[in-house]
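Here are a few friendly notes to read alongside the model. Please keep the structure open as you go through the points.

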Amino acid sequence: MGMKRSQLWAGLIAPLVAYSGILTAIYVNRSWWRLTDNAISDLGKLGLPHNWLLNVPLVITAVLAIYYALGVLDMARNSVEKAGIWVLIAGFVFLALIGIFPEGTSPHYYVSWGFFLTAGFGLLIAGIGMGLSGDRKMLYFTVVLFVLAWILAIWAMRTFKGVAIPEFIGALAVTIWHYAVLSKIWGKTR
């Protein structure tokens, strides 16, 4: 079964919504927010004026990403790839929960970690599944991206006071992998 065109479009715009929200929130809070000293979530914390600039786009992004990922799930060729996509979908649920439970609420720390761990391991498992179906380039690309992102994120966590840089590294790794998969699917639908 093929993916719906609306799912392709949801996949295309989902990261753009997230990054637009993040960059707008950074701009609005530029008087105090620093890349090296803060977390991305600081931009959406309880009581912060305009915290919705971060939180609403994260929820919208998650809804779009889940809709897209369900289309990818329909195209999965083996159980490992399907399992990875389900883990990735769980990651997108955690992304929505970051916006629903912003910094300052008790579940925030856990849903934040939940997003980065499930999204990262979801893409790794899905990429291994793609490799098992014969797409070796995607397998190698996924493993290199996963390992590189973890190395850079751990280095950044040890180097900087805040966690925004490791968060951006993780988010960019998921985004790069997502667009690599999307481009393959888009190419097949033409």
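1. Let us begin with Asp135, which counts as buried at 14% relative accessibility (buried is under 20% relative accessible area, exposed over 50%, partly exposed in between, with a 1.4 Å probe and protein chains only). This is a predicted model, in which local features need pLDDT of at least 70 and side-chain atom pairs count only at pLDDT 80 or more, while totals for chains, interfaces and linings use all residues. Residues are numbered from 1 along each chain as its sequence is written, and side-chain values use heavy atoms, leaving out hydrogens and water.

2. Which side chain meets Asp135 in a salt bridge? The partner is Lys184, at 3.3 Å, N to O (a salt bridge puts a side-chain nitrogen of Lys or Arg within 4 Å of a carboxyl oxygen of Asp or Glu). This pair links distant parts of the chain, 49 residues apart: Lys184 lies in helix 6 and Asp135 in the loop between helix 4 and helix 5. Helices are DSSP runs (H or I, at least four residues), numbered from the N terminus. Lys184 is partly exposed, at 35% relative accessible area.

3. The structure holds two salt bridges. Glu81 and Arg77 form one of them, at 3.6 Å, N to O; Glu81 is buried at 4%, whereas Arg77 is partly exposed at 44%.

4. Now look at helix 5, whose buried residues include Met138, Leu145 and Phe146. The buried residues of this helix pack against helix 4 and helix 6 (contact means heavy atoms within 4.5 Å). Trp177 touches Met138 and Leu145 too, among others.

Conventions:
Helix = DSSP H or I, 4+ residues; strand = E, 2+ residues; numbered from the N terminus. Lists of a residue's contacts leave out its neighbours within four places in sequence.
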